[in-house]
Amino acid sequence: MKYLKKNKSLLIGLIITGIVLALALIGLFWTPYSTTEMSTTYKLSPPSAAHWFGTDNYGRDIFSRIMQGMGTTFIVSITTVVFGMIVGTVIGMVAGYVGGWFDEVIMRINDVLNAFPSVLLALVFVSFMGTGLLNIILALGILFIPSFARIARSEMLRLKSLQFVQSAQLSKAKHARIIFAHILPNALATIFASAAVGFNNAVLAEASLSYLGLGVQPPTASLGRMISEAGSYLVQAPWFAIAPGVAIIILVMGITLISEGLTKIEQ
């Protein structure tokens, strides 16, 4: 607790993200209003005591849909980053440890994938795989593999020449044990800090796909789709776009502060 008070970035980030996560988890099971029930009576109603963030063009409560949309965003972003982190870390660690032609091939593939904008690649994958929730997670997860592979490889190259690794090699320890028991734990701080940045990128990528109509499909609420739907009502009902936009900003800001806090720990 004393350390958290000194590391203000981490503390504030945890508080912001904790509040957003709590709302998202609650939104998966309960919302003040139905997220799908339409009402012509309350169509585009401004914020009020009954509807804190107003209603959308179908009369649905925006706050309730943001709660559900944040839950959807968390599920997609976390599973995407975890998938990319696990696969990419294994590939990068093995490539850096083995070296030679295997390392060269893996890094060249990474360079090719990193040469294309991530959202563009996501659009290509989604166009082939379809727009289901699982397909979105797989498409975005594949995009994160190269970045985590490069980070893990860099950590491997930094750590494998240290004395404790050489001692393990001289003791005839198995290669898998050296990689995952001796080296990986010392690289986790860097990998987790990168995962926080990756989470932000996943949030923005999911919102971008949903904004373009290729992400999470109706009737499931999505922050990106809400902003897209609000585009025709910016003058008539500005709260329609502002509320989900601010929700994305707050979520990204919280994770960014956590990433900064983790970087301070690493240093």
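Helix H3 supplies the largest share of the lining of the second largest pocket, at five residues. Helices here are DSSP runs of H or I with at least four residues, strands are E runs of at least two, and both are numbered from the N terminus. The model is a predicted one, so to speak of local features takes a pLDDT of at least 70 and side-chain atom pairs count only at pLDDT 80 or more, while totals for chains, interfaces and linings use all residues. Residue numbers run from 1 along each chain as its sequence is written, and side-chain values use heavy atoms, leaving out hydrogens and water.

The second largest pocket has a volume of about 270 Å³. Its lining counts 13 residues, with Ile78, Val81, Ala195, Ala196 and Phe199 closest to the centre. H2, H3, H8 and helix H10 (239–266) are the elements that each give two or more residues to this lining. Sorted by class, the lining holds twelve nonpolar residues, one polar and no charged. Nonpolar covers Ala, Val, Leu, Ile, Met, Phe, Trp, Tyr, Cys and Pro; charged covers Asp, Glu, Lys and Arg; the others, Gly among them, are polar. A pocket is an open set of points on a 1 Å grid over the protein atoms alone, where a 1.4 Å probe fits and protein lies on both sides within 12 Å along at least five of seven lines; lining residues have an atom within 4 Å of a point. Points are joined across faces, edges and corners, and the volume is the space filled by probe spheres set on them.

As for the largest pocket, about 350 Å³ of space lies in it. Asn114, Ser118, Leu143, Phe144 and Ser147 sit nearest its centre, out of 21 lining residues. Two or more residues each come from helix H4 (100–114), helix H5 (118–129), helix H6 (133–159) and helix H8 (175–211), and H6 has the largest share with eight. This lining has 15 nonpolar and six polar residues, and again no charged ones.

Trp30 lies in the loop between H2 and helix H3 (62–98) and is exposed, at 53% relative accessible area. Exposed means over 50%, buried under 20% and partly exposed in between, with a 1.4 Å probe and protein chains only.
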